[in-house]
Structure formats: C-alpha cells, structure tokens
Amino acid sequence: MPGAVVTRVITGYKTGQKNGIKEREDWTMNRDIFMELMVKREYKAVRSILDVMNTVDIASLLEELDDREMATAFRLIPKEKAADVFSNMNNAMQSHLVQMFTDQELKELLDDLYMDDTVDLLEELPANLVTQILETVDGEKRAQINILLNYPQDSAGSIMTTEYVDLRKDNTVAQALAHIKKTGIHKETIYTCYVLDNRKLAGIVSAKDLMTMDDDRTMEELMETDIISVYTHTDQEEVARLFSRYDLLAIPVLDMEERMVGIVTVDDAWDVAVDEATEDITKMAAMNPSEKSYFDTSVIQHAKNRIVWLLVLMLSATLTGTLLTRYEDAISVVPLLVAFIPMLMDTGGNCGSQSATLVIRGIALDEIHFKDLFRVVYKEFRISLIVGVILAAANGVRILLMYRNMKLAVIVSISLIGTVVISKIIGCMLPLLAKKVNLDPAIMAAPIITTLVDTCSIAIYFTVATRLFAL
C-alpha cells in the first residue's frame with residue numbers, strides 16, 4: 001500500500017486527537033485501511049500506525065481482529081506501549097494472548113505490567129494459565145501476587161498495587177527527586193509520595209512540593225500528616241467513595257498493624273465505581289449482575305440472570321389478581337371502574353420508582369442513612385400530597401369532561417391521591433430498610449416496588465369505590 005495512504009491515516013488520527021470527537025469519528029473510517037494492511041502483511045506500515053495511536057484506541061482496534069491477527073498485531077505494538085494496551089483489553093482477549101505467548105514474551109509483558117493489573121488478570125484466568133504465569137515471574141513478585149490474591153474479593157487489598165514511591169523523614173528534596181528518577185519508572189504513580197517510619201505511614205508529600213521547594217528541605221518539614229487512608233479489608237465501594245469525596249489521586253492502604261502495604265490509584269477507583277454502578281443498574285432492573293460484558297455473556301447465562309427475579313415477580317403479581325377477584329361484584333355493577341385500573345397502577349409504580357431512585361442514589365453517595373428514615377418519609381409524604389393533588393385534579397377534570405360522572409371523578413381522584421402517597425412512602429422506605437439488614441438497596445427498585453404498589457393501589461381504589469358507591 002502506498003506510503004502516502006499510511007501517512008494520511010496517521011495524520012487523520014493525530015488531527016482527531018487534537019481537534020475532538022468529529023475528527024476521531026472520521027478516524028474510524030480508516031480502520032478498513034488498517035485491516036487491509038494486516039491482510040496484506042504490510043507490518044511495517046501497521047507498526048507505524050500503532051506507534052502514534054493511544055493505547056486505549058489500540059485495544060479497541062484489536063477487538064475487531066480475529067484471534068490470530070490480534071496476536072500478530074499485538075507483537076507489532078512498540079514495547080513501551082504493550083503493557084498499557086494489554087491492561088485495557090477485555091478478559092477474553094487477555095486470556096487468548098496469554099495462551100499464544102511464548103514464556104519469554106509472557107515474562108516481558110508481566111515485567112511491564114503494574115502489580116494490580118497482573119492480579120486483575122490472574123483473577124479472571126483459568127487455573128492452568130495462572131500456574132503458567134506464576135512460573136514465569138521471579139520469586140519476589142510471585143510472593144507479592146499471592147498476597148494480593150488472598151485478600152477478600154471487593155476489598156481495598158484486592159485492588160491495590162504495591163508499587164509506590166516511599167521516602168524517609170530525613171530525605172531531602174534533592175534525595176527524594178533522585179530516588180524518584182531512579183525508581184519512578186516502575187511505580188504506578190509519582191504524583192504522591194509516602195513518607196514511612198519503620199513501614200508505618202508518617203506523612204505524604206506531593207510531587208508539586210518536591211519540584212517547588214528548596215533542595216535542602218527534608219520530608220519531615222514538607223509532609224502532610226492529615227492523611228486519608230484505608231485498610232486492606234475496607235470495602236472497595238467505600239474506597240471509591242473516598243476518592244469522590246476528597247478528590248484524591250491515590251489513597252494509601254494499611255494493614256491491621258497500621259503498616260503501609262500499598263496504594264489504590266484513581267483509575268482503579270474509577271473502575272470500581274463503574275462496576276458498582278453497573279451492578280446496581282442490573283439489580284434495579286431485577287437481574288442478577290454479571291461481571292462479563294453483554295456480548296461475552298452467553299444466551300443461557302443471560303437467561304439464568306433474569307429468570308429467577310422474573311419468576312418471583314410474576315408469582316408475587318398474582319396477589320393483585322387475587323385481590324381483583326374479591327371485587328367482582330363491584331366491577332359487574334360499575335364496569336367502567338376497570339378502565340382506570342391501569343392508570344392507577346402505572347402512576348403508583350412511577351411514583352414509587354421516583355422515590356426509590358432518589359433514595360438509592362442518596363445512600364450510594366452517603367447522603368442518606370437509616371437514621372434519616374423518618375425525615376425522608378416526612379419529606380416524601382409532603383411531596384406526595386402536592387403531586388397527588390395535582391394529578392387528581394387533572395384526572396378529575398378529564399373524567400368529568402369525558403363521562404359527566406362526578407361520583408366517579410371523586411372516587412378516582414381520592415384513590416389517586418392515596419396511591420401516590422402510599423407509593424412514595426413505600427419507595428423511600430424499602431431501600432433504607434434493605435440497607436439496615438445488610439442487603440443491597442438497589443434490589444428494592446422499580447420491579448419490586450411496582451409489584452407492591454400495584455396491590456396497594458387496587459386495594460385503595462376498590463375500598464374507596466365500594467364505600468362511595470355503597471355497593
């Protein structure tokens with residue numbers, strides 16, 4: 001392929017990086033050229049393109065290749081980029097490449113991978129591949145990996161890295177900078193350095209301080225001692241919450257003896273936040289969460305994740321049907337009552353979902369706690385009165401205009417107010433009660449609340465109707 005075409009592809013990609021989304025979208029049109037280069041084995045041209053691409057974009061591009069082409073293209077990535085590209089790949093791609101690599105290639109890759117990325121990889125691989133990987137690393141790194149693998153899943157210890165910049169109290173700024181220059185290339189971050197005293201965290205020093213202070217100043221003079229830290233068994237969701245609250249770049253991790261054993265960086269905290277949000281979304285939709293992507297999850301597994309909750313909700317919905325049979329006489333006398341059942345049930349479900357969503361979000365952001373239960377209920381009660389009255393008035397006018405029936409308008413309006421009130425109270429209470437008994441508040445979301453509210457709305461509606469119609 002003419003070199004001018006390759007130059008155009010590279011120029012287009014660089015322009016896209018500089019100018020934004022529209023040009024980056026134009027870059028996707030040049031992927032066909034990349035694929036054609038791979039087919040024609042124009043590997044020199046392929047390497048030239050990979051040399052200018054961002055590591056995240058390379059990982060995304062390799063997803064479109066078949067397994068053999070992916071392995072070939074990965075070997076063309078410049079060595080200094082290979083580990084970053086690998087860490088941005090999905091689990092299936094990583095697993096395939098590990099199987100394709102020679103022992104030497106695997107060793108070189110693992111030497112460049114940060115410790116937390118290595119552990120993340122091992123947690124997803126089959127046992128035989130884990131054994132193969134552990135046999136290629138040196139004894140010291142293997143020991144560190146085994147320690148990290150033994151921390152509880154979803155704990156700070158399981159997502160931390162042991163590669164951080166450590167300094168002593170008596171180090172001067174000049175000595176600290178020299179130490180960073182010597183070892184920083186192997187550390188996850190150099191923007192925050194940790195001052196240790198017999199392995200215990202004494203303070204932190206930022207890279208900004210080191211670059212702006214006099215060379216003879218010591219770490220003891222510069223370090224901050226007001227430190228936000230976590231323990232190895234702290235839940236990873238709490239770690240992510242601390243990053244959001246305090247705008248941290250990294251957070252130190254201590255063992256039970258207050259000794260520093262690692263750090264969690266902001267990129268890992270962001271991954272945790274995304275995973276937790278994904279898990280909450282699936283639970284709120286009445287599904288069991290899956291750690292795999294949509295396309296990587298099999299049809300059978302998708303069905304398994306959904307069927308249990310669907311069965312539970314379907315069977316619980318029979319309560320509504322059973323309740324309706326109790327009011328057959330009322331329905332037979334005034335058949336028009338049936339016409340308003342869907343509206344009442346839908347409105348109740350929507351109101352309950354609104355309250356539940358806001359409370360679940362408040363719990364996730366640590367804004368709402370169980371001790372606030374009565375405050376939340378009182379607030380939602382007042383909101384429900386305002387919303388209920390407005391909806392009832394609008395619906396009452398509609399019924400009067402359409403059916404010229406004042407009694408029916410009053411029945412539906414009163415039922416609507418009662419449904420909105422009870423729905424919002426149920427919607428705000430259930431997530432807090434779930435949190436109190438150590439359940440995920442997300443499970444008390446739209447499907448469950450809708451099922452409960454449907455039953456309540458039917459009970460309210462026909463109770464009001466039978467009283468006012470004296471049936």
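This is a predicted model: local features need pLDDT of at least 70, side-chain atom pairs count only at pLDDT 80 or more; totals for chains, interfaces and linings use all residues.
The domain assignment of the protein chain gives two regions: domain 1 covers residues 162-264 and domain 2 covers residues 297-467. Their C-alpha centres lie 51 Å apart.

On the surface, a patch of negative charge brings together Asp120, Glu123, Glu124, Asp154, Asp235, Asp267, Asp271, Asp275 and Glu291. Two helices, α10 (115-124) and α18 (266-284), each contribute at least two residues of this negative patch. Glutamate 291 belongs to the loop between α18 and α19 (299-325). This residue has a relative accessible area of 65% and is therefore exposed, since exposed means over 50%.

The structure also holds 10 salt bridges. In one of them, the side chains of arginine 75 and glutamate 105 meet at 2.7 Å, N to O. This pair links distant parts of the chain, for arginine 75 is in helix α6 (residues 67-76) and glutamate 105 is in helix α9 (residues 103-112), 30 residues apart. Arginine 75 is partly exposed, at 38% relative accessible area, and glutamate 105 is partly exposed at 25%.

A salt bridge also joins the side chains of aspartate 197 and lysine 169 (3.8 Å, N to O). Aspartate 197 lies in strand β2 (residues 192-197), and lysine 169 lies in the loop between β1 (166-168) and α14 (173-183), so the pair ties together parts that are 28 residues apart in sequence.

Arginine 217 forms a salt bridge with glutamate 221, with the closest N and O atoms 3.8 Å apart. Finally, a network of salt bridges links Asp255, Glu257 and Arg259.

Key
Residues are numbered from 1 along each chain as its sequence is written. Side-chain values use heavy atoms; hydrogens and water are left out. Domain bounds come from an automatic or database domain assignment. Patches are made of residues with over 30% relative accessible area and no salt bridge: like charges are joined within 9 Å, nonpolar side chains (Val, Leu, Ile, Met, Phe, Trp, Tyr) within 5 Å. Accessible areas come from the Shrake-Rupley method with a 1.4 Å probe; for residues, only the protein chains shown count as cover. A salt bridge is a side-chain nitrogen of Lys or Arg within 4 Å of a carboxyl oxygen of Asp or Glu. Lys and Arg count as positive and Asp and Glu as negative; His and the chain ends are not counted. The place of a charge is taken as NZ of Lys, CZ of Arg, CG of Asp or CD of Glu. Helices (H or I, at least four residues) and strands (E, at least two) are DSSP runs, numbered from the N terminus. Buried means under 20% relative accessible area, exposed over 50%, partly exposed in between (1.4 Å probe, protein chains only).
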